[in-house]
Amino acid sequence: MVVGVALALAIIAGFNTTCRSGLVRPHERVAAVDITTFAMGLATYQRDLGAYPPDDITSAGGSAEDGANEVIHYYLGRKHVVGVHFYGPYVTFKVIRLTDEDADGFLEYRDPWGGVYVYAQRTPAPNENPPRFFDIASPGPDGVLGGTMVPGTGYVPATTPAGKAAEADNVTNW
């Protein structure tokens, strides 16, 4: 009888652990698929328009505070007119994950945890193979990126222990 109860408790405990650890993985997969989709959209955008989108949306009438989190939806989620040609949209976004947190009229696309994806153009390192022309990141379940996205440079890793710990759960394209 004691063995049966112990076995039942072990099964329940194992199931509970599986369920808890299993909750993060689907979110990580969704974020990874989103980032891969953004990367493919960015590559097509670059092929069609000759350059990757800028790091900010000031050219679209946004302010300097409008940053990398609004760029992804703005440039990949709409049509672009060049002369008589139409290009895009490059990504179909789930409306339920679009928000305008800062009420500026530019939408941010939320990651599975409710944080925002960030984007920055970058110059590849001389020996980087394959070269990476942009960085895209989700801050992950803790909602903290750790490092910073610097326009033209890309992701700059954290230097503090707290920042490095925050980076551990980021989902990125690198």
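**Figure 1. Overall secondary structure of the predicted model.** The protein comprises three helices and nine strands, and the model shown is a predicted one. Read from the N terminus, its elements follow the order α-α-β-β-β-β-β-β-β-β-α-β. The protein has 174 residues, of which 33% count as buried. Its accessible surface comes to about 10,100 Å², with 62% belonging to carbon and sulfur atoms. Among contacts with a separation of 6 or more, 52% are made by residues 24 or more positions apart.

**Figure 2. The open sheet β5-β6-β9.** Three strands form an open sheet in the order β5-β6-β9, and their pairing is antiparallel. The antiparallel pairing of β6 (residues 134–138) with β9 extends over two bridges. Within this view, A137 stands opposite T172 of β9. In general, the strands of a sheet pair through backbone hydrogen bonds, in either a parallel or an antiparallel sense.

**Figure 3. The largest nonpolar core.** This core has 23 residues, and those with the most contacts inside it are F38, I72, L76, F93, Y119 and I136. Helices α1 (2–49) and α2 (68–76) and strand β6 each supply at least two of the core residues. Nonpolar side chains tend to be buried together in soluble globular proteins. The surroundings of L76, with its neighbours within four places in sequence left aside, consist of contacts with F38, G41, L42, Y45, V71, P89, Y90, V91 and F93.

Figure 4. The model contains 13 aromatic pairs. Y74 and Y75 form an edge-to-face pair, with 4.9 Å from centre to centre and 90° between the planes. Y75 has a relative accessibility of 5% and therefore counts as buried. Both tyrosines belong to one aromatic cluster, made up of Y45, Y74, Y75, Y90 and F106.

**Figure 5. The tilted pair Y119–F134.** The ring centres of Y119 and F134 lie 6.4 Å apart and their planes meet at 35°, so this pair is tilted. It links distant parts of the chain, as Y119 lies in strand β5 and F134 in strand β6, 15 residues apart. Y119 counts as buried at 1% relative accessibility, and F134 counts as buried at 8%. Y119 is also among the residues with the most contacts inside the largest nonpolar core.

Figure 6. R97 is located in the loop between β2 (85–87) and β3 (98–99). With a relative accessible area of 12%, R97 falls under the 20% limit and is therefore buried. Its side chain makes a polar contact of 2.4 Å with the side chain of D34. A further polar contact, of 3.4 Å, joins the side chains of R97 and Y117. Not counting residues up to four places away in sequence, R97 touches V30, D34, E108, Y109, R110, D111, P112 and Y117.

How values were computed: Residues are numbered from 1 along each chain as its sequence is written. This is a predicted model: local features need pLDDT of at least 70, side-chain atom pairs count only at pLDDT 80 or more; totals for chains, interfaces and linings use all residues. Side-chain values use heavy atoms; hydrogens and water are left out. Two strands pair if DSSP finds at least two bridges between them. Helices (H or I, at least four residues) and strands (E, at least two) are DSSP runs, numbered from the N terminus. Rings of Phe, Tyr and Trp (its six-membered ring) pair if their centres lie within 6.5 Å; planes under 30 degrees apart count as stacked, over 60 as edge-to-face and the rest as tilted. Buried means under 20% relative accessible area, exposed over 50%, partly exposed in between (1.4 Å probe, protein chains only). Contact means heavy atoms within 4.5 Å. Accessible areas come from the Shrake-Rupley method with a 1.4 Å probe; for residues, only the protein chains shown count as cover. A nonpolar core is a set of buried Ala, Val, Leu, Ile, Met, Phe, Trp, Tyr and Cys residues joined through side-chain atoms within 4.5 Å. A polar contact is a pair of N or O atoms within 3.5 Å; within protein, one must be able to donate a hydrogen and the other to accept it, and residues adjacent in sequence count only if both atoms are side-chain atoms.
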